[in-house]
Amino acid sequence: MALDNCGVMRRIREDSDAGAQLKGFFDEIGTPLLSDIRVDYSEDAVEYVTRSSFPNYFNGSELVVAGKLAKGADNSSNLHVAVRASGSDKQLTLEADVPMGGSRSTAQGKPGQPDLIQRAWSFLTIKELLRSRMQSDSSRDKDTLSDKARNLSLEYHFLTPLTSISVPGTDQGAGPGGEKEAADPVAQDQRMQSLHSSGKPGRSSLSKKKKTVVVSKTSADGDPHFIADFPLSKLSVCFNIDGQPGDVLRLVSDHENSGVTVNGQLTGAPAPPGGHKKQRTYFSTITIIISKPARSYIEVTPHRVILDGRDRFVLSCDRSIEVESDGLLVAISARSQVTVTIDDHISFVFLLHQYKNPAPFQRDHLGFYILNSQGLSSSAHGLLGQFLHSRVQIVELFTNASGSAGQRGHAAAGADGSEGIAATAASLSIKD
């Protein structure tokens, strides 16, 4: 949210004085002095410049720009630097000429290592590449930005989400080549409050999740096509719902017992040419509301998951990750599926349907699957919830020549000896 709106984010850690941290944060941003700051240099005099435009400048903060003098620049000339910004009531311009001959770095590193200025430039560049990667919606751009950041991280020996650290004398490695993986600060920054140790009760944790494949019959997927599985009767029944874009369908409702309610919102798309439908509908957003023992809210889209309970998480579906908070477990397999487990007795799986080059009638959407319904009561309702504890019975029907219907065994014949037409039907007990 901060990246998208030129804002500022700070993590408030629970193991320290939260009041002091909040006061320090508001002191930091409480006195904005300038906005829309831009730093410009002489044309063709510099290259590989890090971020040079900033949305805000606060009292007591600092803005750092690093770069490299161009090879063709004349060391005997001056480097012209101009800073332009907006104040509360006027535009501000500051200009200076810096002799390039005297701009050599004086902070040299150890032999064989880059000096401090080079490392500062690489650090700022990597940070900007990772920020751009988080904001990008293109898979190709993300891969390109990741490669650039990884190469700089290896060259200048920085530990980043794209690199790992080798710990000598240990064999507990999870990174490439048996190396131990480092903590992932980008993944940690995706949530909006502090992370906590998973070893403490009532706490939250975040970790990597391996990709798994799960199949369940009771589901709603596609346009949307519903399948209700009846394990007691060893039978499955399918049906369709032709809703309108924007409609919200109640999939599961058990708020009086388990406290779980699942709703799905539809989005629309044109129907393929030659089809009998005028439009298609898909699930664009599915929400889970949990009222017991504490209220929690989970929102799943094809691209992100929001978990709002004791803590608040905003997680990208492009990254495999696992989050646990107060009996809720959200496991994301990158660009594949999201699994939500509630108190180990209720599990839902969301398949992520994403298109790189979608046709006009295709939309990124979700598939909803009930993996474990043990924690849902027999009074559960909803388009899928109503079937979870139902029984169905297959009966044989026949229609005689006079048009009246009867029920018999496999011998479907009319009372007058005329041959009947046999058909199969399901007799259900439907609550909704």
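**View 1. Phe350 and Phe368 are both buried in this predicted model.** Buried denotes under 20% relative accessible area, exposed over 50% and partly exposed in between (1.4 Å probe, protein chains only). The two ring centres are 5.6 Å apart with planes at 55°, so the pair is classed as tilted; rings of Phe, Tyr and Trp (its six-membered ring) pair if their centres lie within 6.5 Å, with planes under 30 degrees apart stacked, over 60 edge-to-face and the rest tilted. Phe350 belongs to strand β20 (residues 346-353) and Phe368 to strand β21 (residues 365-372), so the pair ties together parts 18 residues apart in sequence. Helices (H or I, at least four residues) and strands (E, at least two) are DSSP runs, numbered from the N terminus.

**View 2. The structure holds eight aromatic pairs, among them Phe123 and Phe158.** This tilted pair has a centre-to-centre distance of 5.8 Å and 50° between the planes. Phe123 is partly exposed at 44%, whereas Phe158 is buried at 19% relative accessible area. The charged end of Arg119 sits over the Phe158 ring, 4.3 Å from its centre (NZ of Lys or CZ of Arg within 6 Å of the ring centre and within 35 degrees of the ring normal).

**View 3. Strand β1 (residues 32-41) pairs with strand β3 (residues 53-58) in the antiparallel sense over five bridges.** Pairing requires at least two bridges found by DSSP. Ile37 has Phe54 in β3 as its bridge partner. Strand β5 (residues 78-86) also pairs with β1 in the antiparallel sense, over five bridges, and Arg38 stands opposite Arg84 in β5.

Residues are numbered from 1 along each chain as its sequence is written. In this predicted model, local features need pLDDT of at least 70 and side-chain atom pairs count only at pLDDT 80 or more, while totals for chains, interfaces and linings use all residues, and side-chain values use heavy atoms, with hydrogens and water left out.
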